[in-house]
Amino acid sequence: MTAARATADALRQLIALLEAERQALAGLDIEALSLAVQAKERCCELLQGNTAATLDSECQALATAARAANDVNRRVRNLVAANVAARLDALTGAAGLYRAD
């Protein structure tokens, strides 16, 4: 297997893992999220050493798609965090401010 083929395969796997991570985030499935993150880290290790200059056009497109999927996951995570913060604010009757106790 060529290096370009291995990189493309790793990027495809990363995109699939990012989709699994998004589904786990949306479903608040901590076990699935943990598994997806661990697999994603292993996949990123396979991609280590690659740079934009070393990627062919297919890999560049896959890397761009992976970046977009990661950005979606970041937004989903932020929405979940904001929802939790709002619920905690409602329970405590206070806005999410830090205060010295």
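In this predicted model, helices H1 and H2 pack at an angle of about 160°, and their axes lie 9 Å apart. An angle over 145 degrees counts as roughly antiparallel, and H1 and H2 are therefore roughly antiparallel to each other. Their crossing is left-handed.

On the H1 side, the residues that meet H2 include Leu11, Leu14, Leu17, Leu18 and Leu25, together with Thr7, Gln13 and Glu21. On the H2 side, the contact includes Leu33, Val37, Lys40, Cys43, Cys44 and Leu47. By class, the contact of H1 with H2 comprises 17 nonpolar, two polar and two charged residues.

H1 also packs against H3, at an angle of about 15°. H1 and H3 are therefore roughly parallel to each other, and H1 passes H3 in a left-handed crossing. The contact of H1 with H3 holds 17 nonpolar, three polar and five charged residues.

| Helix pair | Angle | Axis separation |
|---|---|---|
| H1 and H2 | about 160° | 9 Å |
| H1 and H3 | about 15° | 9 Å |

The largest pocket holds about 290 Å³ of space. Helix H1 (3–27), helix H2 (30–47) and helix H3 (57–92) each contribute at least two residues to its lining. That lining consists of 13 residues, and Leu11, Leu14, Leu47, Ala63 and Ala66 lie nearest the centre of the pocket. Eight of the lining residues are nonpolar, three are polar and two are charged. Leu11 and Leu14 of H1 and Leu47 of H2 also take part in the contact between these two helices.

Notes:
Residues numbered from 1 in each chain as written. Predicted model: local features only at pLDDT ≥ 70, side-chain atom pairs only at ≥ 80, totals over all residues. Heavy atoms only, no water. 1 Å grid on protein atoms, 1.4 Å probe; cavity = no way out; pocket = protein on both sides within 12 Å on 5 of 7 lines; lining within 4 Å. Points joined across faces, edges and corners; volume = space filled by probe spheres on them. Helix = DSSP H or I, 4+ residues; strand = E, 2+ residues; numbered from the N terminus. Nonpolar A, V, L, I, M, F, W, Y, C, P; charged D, E, K, R; others polar. Axes fitted to C-alpha atoms, helices over the stretch in contact; angles between N-to-C directions. Parallel < 35°, antiparallel > 145°, perpendicular 65-115°, else oblique. Left-handed = near helix turned anticlockwise from the far one by under 90°. Contact = heavy atoms within 4.5 Å.
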